[in-house]
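I opened a new notebook page for this structure. Below are my entries, in the order I looked things up.

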Amino acid sequence: MSSQALVEIRDVNFAYDSRPILKGVNLTFPKGKVIAVMGGSGCGKTTLLQLIGGALKPSSGYVKVDGQVIHELDHKGLYDMRRRMGMLFQFGALFTDMSVYDNVAFQMREHTDLPEEIIRDLVLMKLHAVGLRGTHNLMPAELSGGMARRVALARTVALDPMLIMYDEPFAGLDPISLTVVGNLIRRLNDALGATSVVVTHDVQESLKIVDYIYFIADGVVVAEGTPAEISSSDKPFVHQFVHGEMDGPVPFHYPCGDYRQDLNLRPER
Amino acid sequence: MKRTTLDLWVGIFVVAGLGALAVLALKVGNLSTYNMSETYQLQAHFSNIGGLKSQASIKSSGVLVGRVAQISLDPERYEAKVTMTIDKRYKFPKDTFANILTSGLLGEQYIGLIPGGDEAFLKAGDEIKKTQSAVVLEDLISRFLYSKAEDSKQPNK
Amino acid sequence: MIVENLRSLGHRIVSAVWRIGYASRFFMMILFYSGTSFRRFHLTIKELFSSGVMSLIIILVAGTFVGMVLGLQGYETLKRYGAESALGSLVALSLVRELGPVLAALLFASRAGSAMTAEIGLMKATEQISAMEMMAINPLARVVAPRFWAGVISMPLLSALFSAMGVFGGYVVGVVLIGVDEGSFWSQMQAGVDFQHDIVNGMIKSFVFGVAVTAIALFEGYDAPPTAEGVSGATTRTVVESSLTILFLDFILTAFMFQGE
C-alpha cells in the first residue's frame with residue numbers, strides 16, 4: 001500500500017481473561033480509504049474497534065493512530081484523540097432523552113464554544129447530508145431503524161473526524177436503508193477526506209463500497225485484498241464467507257465430543 | 001422553549017419544598033419562640049432534676065422566659081448543675097426560687113421561677129441559690145408507704 | 001459437600017467486598033467529576049425535574065394519608081390517657097423525626113431511584129454510555145453526577161413536603177373531623193417539636209438518605225449487565241438495597257441524634 005497509513009495495527013494480541021480474541025493481528029488503514037474488516041460473529045471485530053478507540057488495551061503489540069500509540073496516551077491525550085474519531089455504534093446509540101437535533105448538536109455543544117446559530121446551521125447541514133433535515137424535531141423513538149442509523153451517522157461526523165469507525169452499520173436494515181447507509185459511508189468519507197473502517201459481516205454491500213477488505217477468523221487475518229480480488233478468491237474460507245455456504249472451514253457444529261458418545265450409543269460389537 | 005417550562009416546574013418544586021420547611025420550622029416547630037435574640041445565662045444546682053432535659057422550658061407565672069441550655073453533674077458537690085438561658089427582657093431578684101415542676105401528672109418537666117423580694121437583680125453568670133428538686137414519684141410513694149407503716153405501728157405500742 | 005459450600009460462601013464474601021470497594025470508588029468518581037453538574041446547572045435542573053418534580057404527587061398524597069392515619073391512631077391511643085391535646089405533638093414529632101425522612105426516602109427509592117437505575121442501565125445496554133466515551137465526553141460527569149446531585153437536592157425537599165402534608169393530614173383528621181381543640185393542637189405541637197433537635201436532625205437524615213439512595217441507584221445502573229435481565233435485576237436490587245440501607249442508616253442516625261433522652 002503506497003499511501004500514508006492513518007491507522008497501523010502491529011502484532012496485536014488481546015485476550016478477555018484467558019480467552020484469546022486476537023492473536024497477532026497486523027492491519028494497515030491508509031488515509032482516505034474505506035476499509036472493511038470482516039469475519040464471522042464473535043471473531044473480535046468489535047474488539048478491534050475498541051482497541052483503536054482506546055477503550056481496551058492490547059495484551060501485546062500496539063495500535064498507532066496518526067502516528068501516536070493509543071495505549072500509551074494519557075487520559076487527556078486519549079480524549080483529544082477521540083475527538084478526532086467518530087464511531088457509529090451497531091444500533092446507532094442515539095441518546096434517547098434528546099431530540100434528533102440535540103443528538104447531532106451534542107458534541108458541538110460539549111466540545112466547542114460555537115454560538116447557537118452556527119450550531120443550528122451545522123446541525124441542519126449534517127442532517128441534510130444524510131437526507132433527514134426534516135426530522136430534527138423528532139425524538140429517536142419516533143425514527144425507523146434505518147433513519148436512526150442515518151441520524152447516528154450525522155452525529156458521528158458532527159465534528160468532521162479524521163477517522164470514522166462503523167460497528168456493524170448494516171445490521172438489521174431493510175435492503176433500501178442498507179443501500180442508503182452504504183452509499184452514505186462512501187460519500188461522507190470522500191466528502192470529509194476521512195478514513196473509514198467498516199466492521200461488518202455483510203459481504204455483498206461492503207464489496208460495493210469499500211477499497212480494501214480484511215478477513216479475520218480465529219483471531220488472525222486469514223485473507224485480504226481489494227473487492228475484486230476477494231470476489232474471485234478461491235481460498236476456502238473467503239469462498240464460504242462470500243457465498244454464504246453452510247459448511248466449510250467454518251464448521252456448522254460448535255466443537256464438541258463424538259455425537260454417538262453423547263447419545264449413549266454403544267459402538268457396534 | 002421546552003427548557004423554560006422545565007425550569008418553571010423545578011422552580012415550583014424547590015419553592016414548595018423550602019416553603020414546607022419554613023412551615024415546619026415556624027408553624028410546627030418552635031423556631032418562632034426562639035426569637036430570644038438577647039439572652040443571659042444563669043446557673044442553679046439541684047440535688048435531683050428528675051426527668052428534666054435540655055431545651056426544657058423555663059417559666060415564671062406560667063410565661064415562657066427561657067430554656068435549659070445545659071445539664072451536667074457537678075463533680076464536687078455531686079449535684080446536678082443546670083445552665084439556663086433567660087430572655088434579657090426579664091430580670092429576676094437575687095432571692096428568686098427555682099423549682100422543677102411537672103406539667104400535668106405525667107407531662108414534661110420544666111423549671112418554674114418564683115421571684116423573691118430582693119432589690120438587687122441576678123446578673124449574667126449568677127447562680128440561683130434557692131432551689132427545690134424535682135418530685136420523684138417513687139420517693140413520694142415510698143415515703144407515703146413508710147409513714148403509713150409508722151402510723152399502723154403506733155397504736156400497737 | 002461442606003467444602004463446596006464453604007468455598008462458595010467464601011467466594012460470595014470476596015465478591016461482595018470487591019463490589020463494595022468498586023462502589024466506593026464509583027462514589028468518589030462521582031464526587032470528583034461533579035464540577036460539571038454545577039457549572040452547567042441546567043443539566044442538574046433537568047434531572048431535578050425527573051427525580052424531584054415527578055415524585056411530587058406520590059410524596060404529597062402519601063404524606064397526607066400517613067398524617068391522617070397518625071391522627072386517627074394517635075387520637076385513639078391518647079384518648080385512653082385523656083391526653084388528646086397532645087395529638088399535635090405526637091403527629092408532628094413522629095413525622096418530622098422518623099416517618100417524613102424514612103417514608104419519603106423509601107418512596108423516592110422506588111419511584112426515582114429505580115427509574116435512575118433503569119435509565120442508566122438502558123443507556124449502557126444501548127451503548128449510549130460507550131458512545132459518549134467515544135465522543136471524548138465523560139459519562140460520569142455528563143450523565144451520572146447531575147443525577148446524583150439532583151437526588152441529593154430533591155430528597156430533603158421531598159421529605160419536608162411529606163412532613164408538612166402529614167401535619168396537614170393529622171390536622172384534618174384530629175381537628176376538623178374528630179374535633180380536638182385547635183389551639184392546643186398547634187401549641188402542644190410547637191411545645192413538643194424543637195427546631196434544631198427535631199427538624200434539623202430530620203433534614204440531616206433525609207440528606208443522608210438522599211445521598212445513599214441516589215448513589216446506590218446510579219451504581220446499580222452503571223454496573224448493570226447490558227441486557228434486559230441485567231437491567232431489570234439491577235432495578236430490583238436498587239429498591240431492595242436502598243430500602244434496607246435507609247432503614248439501617250435510620251437506626252444509626254437515630255442512635256446518634258436522639259441518644260441520652
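**Notebook: loops, contacts, strands**

I started with Ser55(C), which sits in the loop between helix H3 (41–51) and helix H4 (56–80) of chain C. Helices (H or I, at least four residues) and strands (E, at least two) are DSSP runs, numbered from the N terminus.

Before going on, I noted the ground rules: the model is predicted, local features need pLDDT of at least 70, side-chain atom pairs count only at pLDDT 80 or more, and totals for chains, interfaces and linings use all residues. Residues are numbered from 1 along each chain as its sequence is written, chains are lettered from A and ligands numbered from 1 in the order in which they are written, and side-chain values use heavy atoms, without hydrogens and water.

**Entry 1**

Is Ser55(C) buried or exposed? I found Ser55(C) buried, with a relative accessible area of 1%. The term buried means under 20% relative accessible area, exposed means over 50%, and partly exposed lies in between (1.4 Å probe, protein chains only). Next I looked up what Ser55(C) touches. Leaving out residues up to four places away in sequence, Ser55(C) touches Phe108(C), Arg111(C), Ala112(C) and Leu158(C). Contact here means heavy atoms within 4.5 Å.

Then I turned to Ala136(C). Its place is the loop between helix H6 (128–134) and helix H7 (139–178) of chain C. Ala136(C) counts as buried because its relative accessibility is 6%. Which residues does Ala136(C) touch, not counting those up to four places away in sequence? They are Tyr79(A), Arg82(A), Arg83(A) and His111(A). I also checked a distance. Ala136(C) and Ala160(C) are 24 residues apart in sequence, and their C-alpha atoms are 40 Å apart in space.

**Entry 2: where chain A meets chain C**

The contact takes 22 residues from chain A and 18 residues from chain C. Together, chain A and chain C bury about 1800 Å², with 59% of it on carbon and sulfur atoms. Buried area is the accessible area (1.4 Å probe) that two parts lose on being put together, summed over both.

How many salt bridges cross the interface of chain A and chain C? The rule finds three. A salt bridge is a side-chain nitrogen of Lys or Arg within 4 Å of a carboxyl oxygen of Asp or Glu. One salt bridge joins Arg40(C) and Glu110(A), with the closest N and O atoms 3.0 Å apart. On the chain A side that touches chain C, helix H2 (75–83), strand E6 (85–88) and helix H3 (100–111) each supply at least two residues.

Of the two pairs of chains in contact, chains B and C share the most contacts. No contact joins chain A and chain B; their closest C-alpha atoms lie 11 Å apart.

**Entry 3: a sheet in chain A**

I traced an open sheet of four strands in chain A, in the order E2-E1-E4-E5, with antiparallel pairing. Its edge strands are E2 (19–30) and E5 (68–69), each pairing on one side only. Two strands pair if DSSP finds at least two bridges between them. Strand E4 (residues 60–65) of chain A is joined to E5(A) by two bridges, and the two run antiparallel. Lys64(A) stands opposite Val69(A) in E5(A).

**Entry 4: chain B**

I listed two helices and eight strands in chain B. From the N terminus on, the elements run α-β-β-β-β-β-β-β-β-α. Buried residues make up 32% of the 157 residues in chain B.
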